[in-house]
Amino acid sequence: MQEPSTQNPGSVLNPSTPETDSFEYEDYSGNQKYISITKYTDNSKNVTVPAQIDGRYVVEISSGTFSENSKIETISFESDNGVPYLWIRRGCMSSLSNLKTINLPDADLGIINGFADNCLALENINVDNWQFRCVDGVLYYYTSSEWVIRYICPSGTGSTLTVPSWCKGFEGSCNLKEAYQVKTLNIHKACTYLSVFNMINGNLEAINVESGHPTVKNPKGLINMAVSKATSTQISKRYHSAADLKRALKRFI
């Protein structure tokens, strides 16, 4: 991980008292100093993840740790200078039906794609980190050379999502398909990260592409990209064939 940058001025709310007795854990990669949390065992609405348990630093939140807990509304993380990094793994917060806010710690973070899939009530992620920023419910990731959209809080944006000029676009596994409130998508001409298939959901009504885009001349071109890049597995999840996918997307033309 690189040295921190001053590009992200976000703020993190102060967490409440950590619940050290409410977590199961295991050694992290065989290291006796660090642990990986594997399960949250309580049902609090507001959960604070400790920086240490039994004198050992928490450096990983494993897949399934909080998943399918309908009570949780807020997940916060305690900050501690002794924590060298924190991995937020894929699926660790999936399907939390009432989760509204995530407050991340002041630490080097590895937030893996899919960490909070199917959290449709999520409104905001508070993060103060050189590699991540959250603006209006959109989580941006710095790749070491440019900003891209990693995650969209499903209840955190308005009906229009405009990719900012300093962002290059969407990561391949971005969850825009879960952002059902977004009806209009505005893409600037320097936006070159376009994982188009993941943009598709039934509520999207318009895709506006700035004139002069190097590869997408118009929304119809964007649709053709979606069809050409969609694998047969992806199509079968929602459409019977590429032809059905084209018909579903004709409203964008």
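Is Ser 95 buried, partly exposed or exposed? Ser 95 counts as partly exposed, because its relative accessibility is 27%; buried means under 20% relative accessible area, exposed means over 50%, and partly exposed is in between, with a 1.4 Å probe and protein chains only.

Before I go on, two sentences on how to read this. This is a predicted model, where local features need pLDDT of at least 70 and side-chain atom pairs count only at pLDDT 80 or more, while totals for chains, interfaces and linings use all residues. Residues are numbered from 1 along each chain as its sequence is written, and side-chain values use heavy atoms, with hydrogens and water left out.

Back to Ser 95. Its phi is near 55 degrees, a positive value in a residue other than glycine. Ser 95 sits in the loop between strand S7 (86-88) and strand S8 (101-103). Strands here are DSSP runs of E, at least two residues long, numbered from the N terminus.

Ser 144 is another non-glycine residue with a positive phi, of about 100 degrees. The loop that holds Ser 144 lies between strand S12 (138-142) and strand S13 (147-152). Ser 144 is partly exposed, at a relative accessible area of 40%.

Strand S1 (residues 23-28) and strand S2 (residues 31-40) run antiparallel and are joined by six bridges; two strands pair if DSSP finds at least two bridges between them. Tyr 25 has Ile 37 in S2 as its bridge partner. S1 and S2 form a hairpin with two residues between them, and Ser 29 in the turn has a positive phi of about 50 degrees. S2 is also joined to strand S5 (residues 56-61), by four bridges, and these two run parallel. There, Tyr 34 stands opposite Tyr 57 in S5.

Next, the aromatic rings. The structure holds 10 aromatic pairs. Rings of Phe, Tyr and Trp (its six-membered ring) pair if their centres lie within 6.5 Å; planes under 30 degrees apart count as stacked, over 60 as edge-to-face, and the rest as tilted. Tyr 142 and Trp 147 make a tilted pair, because their planes are at 50 degrees, with ring centres 5.1 Å apart. Both Tyr 142 and Trp 147 are buried. Trp 147 also pairs with Trp 166, edge-to-face, at 6.0 Å centre to centre and 80 degrees between the planes. That pair links distant parts of the chain, 19 residues apart: Trp 147 is in strand S13, and Trp 166 is in the loop between strand S14 (160-162) and strand S15 (167-170). Trp 147 is buried at 4% relative accessible area, whereas Trp 166 is partly exposed at 34%. Tyr 140, Tyr 142, Trp 147 and Trp 166 form one aromatic cluster.

Last, the cysteines. How many disulfides does the structure hold? It holds zero disulfides, a disulfide being a pair of cysteine sulfur atoms within 2.5 Å. Cys 92 is in no disulfide, and the nearest cysteine sulfur, that of Cys 119, is 8.9 Å away. Cys 92 is buried, at 0% relative accessibility.
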